[in-house]
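Biologist: I am new to this structure. Could you take me through it step by step?
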Amino acid sequence: MCPRTTDPPEHDAVVSVSALTKRYTGETGRVTAVDDISFDIQSGQIVGLLGPNGAGKTTTVKTVLGLVTPTRGDVSIHGVPVHEARSRAYNYVSAVLEGARNVYWRLSVRENLAFFAGLHGIDPRTRADRHEAIIDTLGLTAKADEPAKNLSRGMKQKVALGTTLARETPVLFLDEPMLGLDVETTRDLPTELQRLAHEEDKTIVITSHDMDIIEAVCDRVIVLSDGDIVADDSVDNLLDVFQSQSYRVQLTGNPPAHLREQLNTRFKLLNWRTDTDTAEFKIALAGSEEFYECVEILQTAEATIRSVTEIEPDLEDVFVELTTAESVSPEETES
Amino acid sequence: MNRHLILFRVIASKSVTLSRRYLVNTVVGFLTLYVFFALIFFGGQFVAEELISRSVGPLVVGYFLFTMAVSAYADLTHDLTDEAQWGTLEQLSMSPFGFTEVVAMKTVVNLLGTFATGMVLLVLMMATTGTWLTIAPLSLVVVGVLTLLPVVGLGFVFGGAALVYKQIEKVFPLIQLSFAGLLALPVQEYALLKLLPMSQGGHILQRVMTDGLRVWELPIFDLMLLVGQSVVYLAIGILVFRVGTANARKRGVLGHY
């Protein structure tokens, strides 16, 4: 039996992840890919899942989708426990996992949409108009009858997104949806994703390395590092937390050799560059006390300050900060 | 429309679309089977004319069954490894119907295609040899399906294993070759051999096609044994496939290739 409920049950969180842990036994021993993470996603949210390579993004997504069995922890989508009732959960979720590789290259765009709709029990003959609308929205009308293998990588990526939309699930997981897309589509797709979230109440989870897109599209960002969540907050809050903490300092003349080490020991020195007669560094300072302390150290070292500029952080700065330095817990970012 | 029928329809539609779009491949594949039979028949006549002329009937039936068995097995196992390589296997597994049902439905569609091409090949073989077998269509389909189900079971076993151990696909051709041996086993002399997949079915199908027996004219014990064998092999196959799928999910290698 394969029940399909048109109206999903009401739940506060459409995706709920609790104490999720995944350990693999590899050649080098036991590896913890995902380490006891928990988060909820509300209906209509667009959530970005970020992390450097090996942070556990893919394992997290595949475990949430029921494609990888967790070592421990629970996942539910629309109240359906994914790992106990996998088939039932798939009434509510679909995904683009490997972009261009997720479609049948020998089938046309239309045929791909029809096939994947049918795979979800939706009669494609009754959804012809909707499929045409999806094809039109994705700018594939001229290529609708072309086998996917003849399309560019970006277009195949669009077909994969189209097949996900054809499955008509309320939750979408999109792994690197912008990969290989042309400039025009990269510009248009965020608008389309926001339309899906706001007008069709779709809940969308995006993993991407493109910080600009995440910043432009997502309501909220979860940052993973070493299998753990190091930040989970709205994009605005994350930017606020890191606001006014980073400065670019320019010095005239060559500062004494010990200055760099002294600053690095006391503060978070983000980079350091010296020229023949100037030095420039980027430094993170928590509050005014640290700012004055830094200035005092510079004066004691007899360094001549040429300029101090406050850096407006973007999401990429936040991401680098979170994943390369000490972990910041969600509580810390919220404070 | 019933949701399971929708699933059947889109899988069948995809299969027909691809066969038509790549018509040359389809025709060449079919012709290869026919030419290979012609080589066996005419070459055999050249080497051992008397032997071949005595066993034309069993040769036609055996080749018909062998090609169908290879097709039923290879369609299932190769589909799984191909889908993993294409990146669509995880998408199939994310169907509300469940991965096993989707794969089973693909197998049903493949079997229908196999039967359709098998029948055309059979007619061509009979025309080539000039030996027209007495074929009762219903009996042929019933016994044919029951004979092929254990092969499908084997397909599920090796397909399930391939989800976990990707290198196992290298032994697939060997398994296919073994079908010829299974069909030729002397089940009349050694009754225990009847328990092996296809051996009993192959023997019964020979009688249906060369002696013109109807399914209800077959010894009830032989028929029950064939039914039991089909059910058991298929059940074992599906069980192993499900265990393989669960294991692949545990290792995180379901979509790997």
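Modeller: A definition first: two strands pair if DSSP finds at least two bridges between them. Helices (H or I, at least four residues) and strands (E, at least two) are DSSP runs, numbered from the N terminus. The model is predicted: local features need pLDDT of at least 70, side-chain atom pairs count only at pLDDT 80 or more, and totals for chains, interfaces and linings use all residues. Residues are numbered from 1 along each chain as its sequence is written, while chains are lettered from A and ligands numbered from 1 in the order in which they are written.

Biologist: Which residue is the bridge partner of Val221(A) in S10(A)?

Modeller: That partner is Asp233(A). Strand S9 (residues 220-225) of chain A is joined to S10(A) by six bridges, and the two run antiparallel.

Biologist: What is the order of the six strands in that open sheet?

Modeller: The order is S6-S7-S8-S3-S9-S10 in chain A, with mixed pairing. S6 and strand S10 (228-234) of chain A are at the edges with a single partner strand each, so one side of each has no neighbour in the sheet. From one strand to the next, the twist averages 15°.

Biologist: Which strands does H1(A) lie across?

Modeller: H1(A) lies across strand S3 (46-50), strand S7 (171-175), strand S8 (203-207) and S9 of chain A. Its direction is at about 135° to S3(A), where axes are lines fitted to C-alpha atoms, for helices over the stretch in contact, and angles run from 0 to 180 degrees between N-to-C directions.

Biologist: And the open sheet of four strands, what is its order?

Modeller: In chain A the order is S2-S1-S4-S5, and the pairing is antiparallel. Strand S2 (29-42) and strand S5 (80-81) of chain A are the edge strands, each pairing on one side only. Two bridges connect strand S4 (residues 72-77) of chain A with S5(A), and Ile77(A) has Val80(A) as its bridge partner.

Biologist: What of chain B, how long is H9(B) from end to end?

Modeller: Helix H9 (residues 220-251) of chain B has 32 residues, which should span 46 Å at 1.5 Å a residue, and its end C-alpha atoms are 46 Å apart, in agreement. The expected span is 1.5 Å times one less than the number of residues. Among the buried residues of H9(B) are Leu226(B), Tyr233(B) and Phe241(B). Their cover includes helix H5 (99-129), helix H6 (137-164) and helix H8 (199-210) of chain B.

Biologist: What confidence does the predictor give the complex?

Modeller: The complex has an ipTM of 0.91 and a pTM of 0.83. Chain B has a mean pLDDT of 92, on the predictor's confidence scale for each residue, from 0 to 100.

How values were computed. Buried ≥ 20, exposed ≤ 12 C-beta atoms within 10 Å, placed from the backbone. Contact = placed C-beta atoms within 7 Å.
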